[in-house]
Structures are given as C-alpha cells and as structure tokens.
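Thanks for coming, everyone. Let me put the structure up, and then I'll walk through it.

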Amino acid sequence: RQAAPFSKGASTPHPRGNHSPLGAATQQVLASVLRTAHLRDLDAVPLFVDLLRAPTPTVSAALQAPRQ
C-alpha cells in the first residue's frame with residue numbers, strides 16, 4: 001500500500017482544502033484518482049475531464065478494476 005503525505009498548511013478561520021471533513025474527503029478522492037492513473041500509466045487530465053462532465057457521479061472506465 002502506498003500513501004503520500006499531505007501538509008495541513010497554515011491554520012485559517014475558513015474551512016477549505018483539507019481543513020474540513022469535506023475538503024479532506026475531496027482531497028483523498030483526487031489523490032486516489034491521480035495515483036491510480038499514475039500507476040496505470042494513464043494521463044489524468046482526460047480522466048478528470050470525463051469525470052467532471054459526467055451528469056452523475058461515476059467511475060471512469062479506465063479506472064475500473066480489470067475483470068478477472
């Protein structure tokens with residue numbers, strides 16, 4: 001299992017980035033997609049474009065686990 005540390009950064013009075021539970025969850029998903037794309041030698045930009053244009057939350061076909 002591989003993990004990359006994230007710096008919390010400076011404290012601010014506004015919940016943003018990974019200073020809030022929602023920001024932390026969002027950052028975790030983004031990091032996971034980036035890492036999976038890297039491990040599969042995929043360009044992350046088209047993956048994010050497809051995911052952001054999807055009308056509903058979805059998993060990109062390129063990121064789905066291979067069928068066995």
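Start with a definition of residue classes: Ala, Val, Leu, Ile, Met, Phe, Trp, Tyr, Cys and Pro count as nonpolar, Asp, Glu, Lys and Arg as charged, and the others, Gly among them, as polar.

Now, the ground rules. This is a predicted model, where local features need pLDDT of at least 70, side-chain atom pairs count only at pLDDT 80 or more, and totals for chains, interfaces and linings use all residues. Residues are numbered from 1 along each chain as its sequence is written, and side-chain values use heavy atoms, with hydrogens and water left out.

The overall layout first. The chain has two helices and zero strands. Helices (H or I, at least four residues) and strands (E, at least two) are DSSP runs, numbered from the N terminus. Of the 68 residues in the chain, 12% are buried. Buried means under 20% relative accessible area, exposed over 50%, and partly exposed in between, with a 1.4 Å probe and protein chains only.

Contacts next. A contact means heavy atoms within 4.5 Å. Take the contacts between residues at least 6 apart in sequence: 24% of them join residues at least 24 apart.

On to the pocket. A pocket is found on a 1 Å grid over the protein atoms alone: it is an open set of points where a 1.4 Å probe fits, with protein on both sides within 12 Å along at least five of seven lines, and lining residues have an atom within 4 Å of a point. The second largest pocket has a volume of about 310 Å³. That volume is the space filled by probe spheres set on the points, with grid points joined across faces, edges and corners. H1 and H2 are the elements that give two or more residues to its lining. H1 gives the most, with five residues.

How many residues line this second largest pocket? There are 15, and Val-29, Val-33, Phe-48, Leu-51 and Thr-58 lie nearest its centre. By class, the lining has 10 nonpolar, five polar and no charged residues.

Val-33 comes up again in the core. A nonpolar core is a set of buried Ala, Val, Leu, Ile, Met, Phe, Trp, Tyr and Cys residues joined through side-chain atoms within 4.5 Å. The largest one has five residues: Val-33, Ala-37, Ala-44, Leu-47 and Leu-63. Helix H1 (21-39) and helix H2 (44-53) each give two or more residues to this core. In soluble globular proteins, nonpolar side chains tend to be buried together. Beyond its neighbours within four places in sequence, Ala-44 contacts Leu-34 and Ala-37.

Now the segment after H2. Ser-60 sits there. Ser-60 counts as buried because its relative accessibility is 10%. Leaving out residues up to four places away in sequence, Ser-60 touches Leu-47 and Leu-51.

Ala-62 is also in the segment after H2. With 35% relative accessibility, Ala-62 counts as partly exposed. The C-alpha atoms of Ala-62 and Arg-40 are 9.0 Å apart, across 22 residues of chain.

Asp-41 is not a glycine, yet its phi is positive, about 55 degrees. Is Asp-41 buried or exposed? Exposed, because its relative accessibility is 71%.
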